[in-house]
Amino acid sequence: MKLYTDIGGTAPSPRRVRMFLAEKGIEVPFERVDIMKRENRTPEFMSRVNAMGGLPVLELDDGSHIAESVAICRYFEAVQPEPPLFGVTPAEQGTVEMWIRRIELNFMMPVGMVWVHGSPLTKAVVKRQIPEMAEQSRALVRSYFGFLDRHLEHHEFLAGDIFSMADIIALCTADFAAKLNDLPHSSEHTHLSRWYSAVSERPSATA
Ligand SMILES: N[C@@H](CCC(=O)N[C@@H](CS)C(=O)NCC(=O)O)C(=O)O
């Protein structure tokens, strides 16, 4: 078994899985792939490892592959349920899933649009950057910070009292927004800042 992950460690989706594994205490060998050199877009990688080309990808011992960060984490949750990171009770599981979907669609998606349409680092590989798309997406992200702040005023973590996969995804997205897209949350968002500090201080956050 091995996990294909990025070289620099800054890509948000591979970081989700590394953080999840650290929370579980599971060790998996990493194969580092250079995204900036497009090593994950070679015909060989796309035909053998992941037809979609993205990272991370988990290679199982039988040679088969699972792509998509949340799918990979679900695999490990099934293999080793403790500590649970997708909830235990039906209500917890539903709530964690709700937040995973919200963070993916309403937070990661616009941050990704800022990255694709607004970053000089992606200019060479994107056929046509649309600056208006970047600006509109920036506004969506800023507004979403407010939404998260209001929610976290009344909840310790996104899914309530339990730390979960939703927090991992949100932290990786927030760091990607701040560090690579110049989109940090405002310190005036005190509840979001409290959550951000708490989750960032977990040992897994350095994975
Ligand atoms: N939805 C996928 C996203 C995969 C993805 O787009 N990964 C990025 C890194 S965060 C990547 O590999 N980008 C380079 C590329 O697509 O060539 C997941 O959650 O794993």
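Colleague: Before we start, what counts as a cavity here?

Modeller: In this predicted model, a cavity is a set of grid points where a 1.4 Å probe fits but cannot get out.

Colleague: And how much space lies in the largest cavity?

Modeller: The largest cavity holds about 40 Å³ of space, and the count comes to one cavity of 30 Å³ or more.

Colleague: Which residues line the largest cavity?

Modeller: Its lining is made of F107, F145, L148, A170, A174, H185, L192 and W195, and by class these divide into seven nonpolar, one polar and no charged.

Colleague: Changing topic to the ligand, where does it sit?

Modeller: The ligand is placed in the largest pocket, and that pocket contains about 1,400 Å³ of space. The pocket is lined by 38 residues, of which S13, I35, G54, L55 and W115 are the closest to its centre.

Colleague: Which helix gives the most to the pocket lining?

Modeller: That is α4, with seven residues; α4 runs over 90-118, and it is one of the helices that each supply at least two lining residues, the others being α1, α3 (69-79) and α6 (165-181).

Colleague: How does the pocket lining split by class?

Modeller: There are 22 nonpolar, nine polar and seven charged residues in the lining of the largest pocket.

Colleague: Back to the ligand itself, how many residues surround it?

Modeller: The shell has 14 residues, and the closest are N40, R41, L55, E68 and S69. By class, the shell divides into six nonpolar, four polar and four charged residues.

Colleague: Which helix gives the largest share of that shell?

Modeller: Helix α1, residues 12-24, provides the largest share, with four residues.

Colleague: What about polar atoms, which ligand atom lies 2.7 Å from E68?

Modeller: For E68, a polar side-chain atom is placed 2.7 Å from a nitrogen atom of the ligand. On the oxygen side, an N or O atom in the side chain of R41 lies 2.7 Å from a ligand oxygen, and the side chain of S69 likewise has an N or O atom 2.7 Å from an oxygen atom of the ligand.

Colleague: And how much of the ligand's accessible area does the protein cover?

Modeller: On its own the ligand has 510 Å² of accessible area, and the protein covers 73% of that.

Key: Residues numbered from 1 in each chain as written. Predicted model: local features only at pLDDT ≥ 70, side-chain atom pairs only at ≥ 80, totals over all residues. Heavy atoms only, no water. Near = heavy atom within 4 Å. Polar contact = N/O pair within 3.5 Å; in protein donor to acceptor, adjacent residues only side chain to side chain. Areas by Shrake-Rupley, 256 points an atom, 1.4 Å probe, with all protein chains shown as cover. 1 Å grid on protein atoms, 1.4 Å probe; cavity = no way out; pocket = protein on both sides within 12 Å on 5 of 7 lines; lining within 4 Å. Sits in = over half its atoms within 2 Å of the grid points. Nonpolar A, V, L, I, M, F, W, Y, C, P; charged D, E, K, R; others polar. Points joined across faces, edges and corners; volume = space filled by probe spheres on them.
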